[in-house]
Amino acid sequence: MTAQIIVNNLHKYFDKLEVLKGINLEIEKGQVVCVIGPSGSGKSTFLRCINHLEEPTHGEITIDHVITTDPKVDINKVRRHIGMVFQQFNLFPHLNVKENIMMAPLELKLKTKKEAEQKAIELLERVGLSDKADAMPKQLSGGQQQRVAIARALAMEPDIMLFDEPTSALDPEMVGEVLSVMKELASMGMTMVVVTHEMGFANDVADRVIFMDEGIIMEEAPPAEMFANPKNPRTIEFLKKVLSV
Amino acid sequence: MDLMKVFSEVNPLLFEGLKITIAVTVLSLLLAFVLGLCSCFFALSKKAPLRWISKIYVGLIRGTPMLVQVFYVYFAIPQLLQFMGFGVRFTPFTAGLITLMLNAGAYMSEIFRGAINAVNAGQMEAARSLGLSHAQATRKVILPQALRICLPSLVNQFIITLKDSSLISVIGLAEIMYQAKIYQGRTMQSFATYTWVAIFYLVLITLLAYLAKYVERRTEI
């Protein structure tokens, strides 16, 4: 069986600046991969290349046997199966919570209005926000908004979820509620790639942890090994900084 | 100089003119809305020739006085068409409508462009990450937010166009200002007539501004 996500020699330039310098990675179905590293290391850019929010400069990405870097591939179709959760939530402020969740399945004619509504209610229950279906995004706390954002991504019934620092913009007391939704998702067998600064989450949930710095993968290991016994000097230095606080 | 006498005589005339003023302003603004949206999409297009078309259009309108544009549409273009073998003449109403539409359309194009750019880039990314095409994301996510952002500017443009419509009186459209000029010419009551015209416009525009504030509050997000 081949991996669900295969990244082969991925490079990304912003003008002349090389942000990703040859990333190689395979992710199996159902795996949870956490990407850690200092800011500016290219970890968010890497994540955004997976669903082509950033166009890779060269290299090849294969998702579910489809070479997505092939210009003939309809990227909109590919993205339907890859949910994404952003640091700044990016809920649609002009739509209420339920409409946020229903919008994409309805616009893409994947569900009838009734089915989409039922799915929205079901998902809101799953993220613990059944009572907020009719609220507007700005009436919610950051943690609640992020949980709605997760529900919105799940409404497309993706088989891969990408998380771009999902708790970095949250007040500390709201981090837990978002992480527990993510944990549940992981336990249900979702393939997840999570860029995060939450080392505890990485330690508890990840199957593999990847340390990125200066546009390359410096080290890769199961969390127990990565946190207890890092090998690369850059990893050691980074972990010392983030774990000592 | 009898202010009240002039008022009672000129007021019915101004209300006659008001019908034409409202008709030409509202119609031209509806058309300008569509024109401005098209021009704005040209301006934001990936295709350079489309961007040039929008740039040239907006530049021409912004770079010439409204009065020149009125004369150009009413006198210059029909003559050009006549040279080319088409005998077209515009009525003052049609010429006024076209001029106001072209004029407001250019400014609206810039208003829309600014508003679309003001919508957070994360909104487009979130919509695209769900599988929507650029066009679908623009329609369902970006435009509804952009229209709310530019509502105050659109109201402002409405007021400007309403006031600019007084310039159409020079080609004989019987709107508010034209009615006032006719009355003044007949009675020579310059001070009283133009005082009442100024107050008439002032009340009209103040009422519109209040209405706009109300609509704005209702559509807040």
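I used the class scheme in which Ala, Val, Leu, Ile, Met, Phe, Trp, Tyr, Cys and Pro count as nonpolar, Asp, Glu, Lys and Arg as charged, and the others, Gly among them, as polar.

**Entry: conventions**

I am working on a predicted model, where local features need pLDDT of at least 70 and side-chain atom pairs count only at pLDDT 80 or more, while totals for chains, interfaces and linings use all residues. Residues are numbered from 1 along each chain as its sequence is written, chains are lettered from A and ligands numbered from 1 in the order in which they are written, and side-chain values use heavy atoms, with hydrogens and water left out.

**Entry: cavities**

Rolling a probe the size of a water molecule over the atoms shows where empty space is left. On a 1 Å grid over the protein atoms alone, I took a cavity as a set of points where a 1.4 Å probe fits but cannot get out, and a pocket as an open set with protein on both sides within 12 Å along at least five of seven lines; lining residues have an atom within 4 Å of a point. Grid points are joined across faces, edges and corners, and a volume is the space filled by probe spheres set on the points. Helices (H or I, at least four residues) and strands (E, at least two) are DSSP runs, numbered from the N terminus.

I found two cavities of 30 Å³ or more. I listed its lining as Arg126(A), Val127(A), Leu154(A), Val181(A), Glu184(A) and Leu185(A). Helix α6 (residues 172–187) of chain A gives the largest share, three residues.

The largest cavity comes to about 40 Å³. Both chains contribute residues to its lining, including Met84(A), Phe86(A), Arg152(A), Ala126(B) and Leu130(B). α5(A) gives the most, with three residues. I noted that β6 (82–85) and α5 (142–154) of chain A and α5 of chain B each supply at least two. By class, I have eight nonpolar, one polar and one charged in this lining.

I then turned to the open sets. The largest pocket holds about 460 Å³ of space. It is lined by 14 residues, and those closest to its centre are Leu44(B), Ile116(B), Met124(B), His134(B) and Thr138(B). α4 (92–118), α5 (121–129) and α6 (134–164) of chain B are the elements that give two or more residues to this lining. The class count is seven nonpolar, five polar and two charged.

For the second largest pocket I have a volume of about 350 Å³. Of its 13 lining residues, Leu29(B), Leu151(B), Leu154(B), Val155(B) and Phe158(B) lie nearest the centre. At least two residues each come from α1 (3–43), α6 and α8 (190–218) of chain B. I counted the classes here as 13 nonpolar, no polar and no charged.

**Entry: Gln184(B)**

Is Gln184(B) buried or exposed? Gln184(B) counts as buried because its relative accessibility is 16%; buried means under 20% relative accessible area, exposed over 50%, partly exposed in between (1.4 Å probe, protein chains only). I placed Gln184(B) in helix α7 (residues 176–187) of chain B.

Leaving out residues up to four places away in sequence, I found that Gln184(B) touches Gln189(B), Ser190(B), Thr193(B) and Tyr194(B) (contact: heavy atoms within 4.5 Å). Its side chain also makes a polar contact with the side chain of Ser190(B), at 2.8 Å. A polar contact is a pair of N or O atoms within 3.5 Å; within protein, one must be able to donate a hydrogen and the other to accept it, and residues adjacent in sequence count only if both atoms are side-chain atoms. I also checked Val6(B), which is 178 residues from Gln184(B) in sequence and 9.7 Å from it in space, C-alpha to C-alpha.

**Entry: strands of chain A**

I looked at strand β3 (residues 32–36) of chain A, where five of five residues are buried. Val32(A), Cys34(A) and Ile36(A) point one way from β3(A), and Val33(A) and Val35(A) the other way.

Two strands pair if DSSP finds at least two bridges between them. β3(A) pairs in the parallel sense with strand β8 (residues 191–195) over four bridges, and likewise with strand β9 (residues 208–213) over four bridges. Val33(A) has Val193(A) as its bridge partner in β8(A) and Arg208(A) in β9(A).
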